[in-house]
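I opened this structure for the first time today and kept notes as I went. The entries follow the order in which I looked things up.

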Amino acid sequence: MAAPHALSTGAPAGSSARSPVRHAGWIRAVAAVAAGDALLSPGVTRRVIERFARRQDLAPDAGERLDALTTRELEVVRLVALGLSNGEIAERLVISPLTAKTHVARAIAKLDVRDRVQLVILAYESGLVRPGG
């Protein structure tokens with residue numbers, strides 16, 4: 001009965017009832033998702049980017065699609081592709097986190113992509129950002 005008890009206390013699946021539950025980590029994760037930030041580990045994000053960067057069949061119209069964005073939205077897309085959260089983008093551009101989130105949402109809508117991950121992929125396919133930079 002240890003596993004069901006552990007799960008009922010909020011412990012991840014596969015952990016024992018005696019392992020410490022890192023409530024602060026869970027709270028930060030839930031807050032990040034609620035703020036519109038992605039919840040991918042840096043390692044997973046890096047592997048996705050590396051895999052797409054090696055592809056030879058990049059979308060030929062990806063760069064043209066970016067023409068629909070304002071200068072600020074383009075800058076925000078570049079920062080998203082570099083892995084910054086809405087809060088980090090806000091700090092970098094000296095804007096509020098809500099304004100950063102709005103720029104991200106408008107870029108996603110204008111570019112007709114589903115989410116931040118597709119936004120990052122488009123940024124790499126278009127050449128807006130390059131691996132390692």
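I looked up Val 44 and found it in helix α3, which covers residues 42-54. Helices here are DSSP runs of H or I with at least four residues, strands are runs of E with at least two, and numbering starts from the N terminus. This is a predicted model, so I noted that local features need pLDDT of at least 70, that side-chain atom pairs count only at pLDDT 80 or more, and that totals for chains, interfaces and linings use all residues. Residues are numbered from 1 along each chain as its sequence is written, and side-chain values use heavy atoms, with hydrogens and water left out.

Val 44 counts as partly exposed because its relative accessibility is 30%. I wrote down the classes: buried is under 20% relative accessible area, exposed is over 50%, and partly exposed is in between, with a 1.4 Å probe and protein chains only. Together with Val 48 and Val 117, Val 44 forms a nonpolar patch on the surface, and the accessible area of the three is about 160 Å². Patches take residues with over 30% relative accessible area and no salt bridge; like charges are joined within 9 Å, and nonpolar side chains (Val, Leu, Ile, Met, Phe, Trp, Tyr) within 5 Å. The areas come from the Shrake-Rupley method with a 1.4 Å probe, and for residues only the protein chains shown count as cover.

Is Glu 73 buried or exposed? Glu 73 is buried, because its relative accessible area is 3%. I placed Glu 73 in helix α5, residues 71-81. Setting aside neighbours within four places in sequence, I listed its contacts as Ala 68, His 103, Arg 106 and Lys 110; contact means heavy atoms within 4.5 Å. With Lys 110 there is also a side-chain to side-chain polar contact of 2.8 Å. A polar contact is a pair of N or O atoms within 3.5 Å; within protein, one must be able to donate a hydrogen and the other to accept it, and residues adjacent in sequence count only if both atoms are side-chain atoms.

Entry 3, salt bridges. I used this rule: a side-chain nitrogen of Lys or Arg within 4 Å of a carboxyl oxygen of Asp or Glu. How many salt bridges does the rule give? The count comes to 3.

Lys 110 and Glu 73 form one of them, with the closest N and O atoms 2.8 Å apart. This pair links distant parts of the chain: Lys 110 sits in helix α7 (residues 97-111), Glu 73 in helix α5, and they are 37 residues apart. Lys 110 is partly exposed, at 41% relative accessible area.

Arg 72 pairs with Glu 75, and their closest N and O atoms are 3.2 Å apart. Both residues lie in helix α5, 3 residues apart, about one turn of the helix. Arg 72 is partly exposed at 31%, and Glu 75 is partly exposed at 29%.

Arg 114 and Asp 115 meet through their side chains at 3.8 Å, N to O. Arg 114 counts as exposed because its relative accessibility is 65%. Asp 115 is partly exposed at 28%.

I found Arg 116 in helix α8, residues 116-126. Arg 116 is buried, with a relative accessible area of 11%. Its side chain joins that of Asn 86 in a polar contact of 2.6 Å.

Most residues other than glycine have a negative phi. I noted Val 94, not a glycine, with a positive phi of about 55°. Val 94 is in the loop between α6 (86-93) and α7, and it is exposed at 72% relative accessibility. Asp 112 also has a positive phi, near 55°. Asp 112 is in the loop between α7 and α8 and is exposed, with a relative accessible area of 67%.

I recorded 8 helices and 0 strands. Buried residues make up 29% of the 133 residues. Of the contacts between residues at least 6 apart in sequence, 57% join residues at least 24 apart. The protein exposes about 8600 Å², and carbon and sulfur atoms supply 57% of that area.
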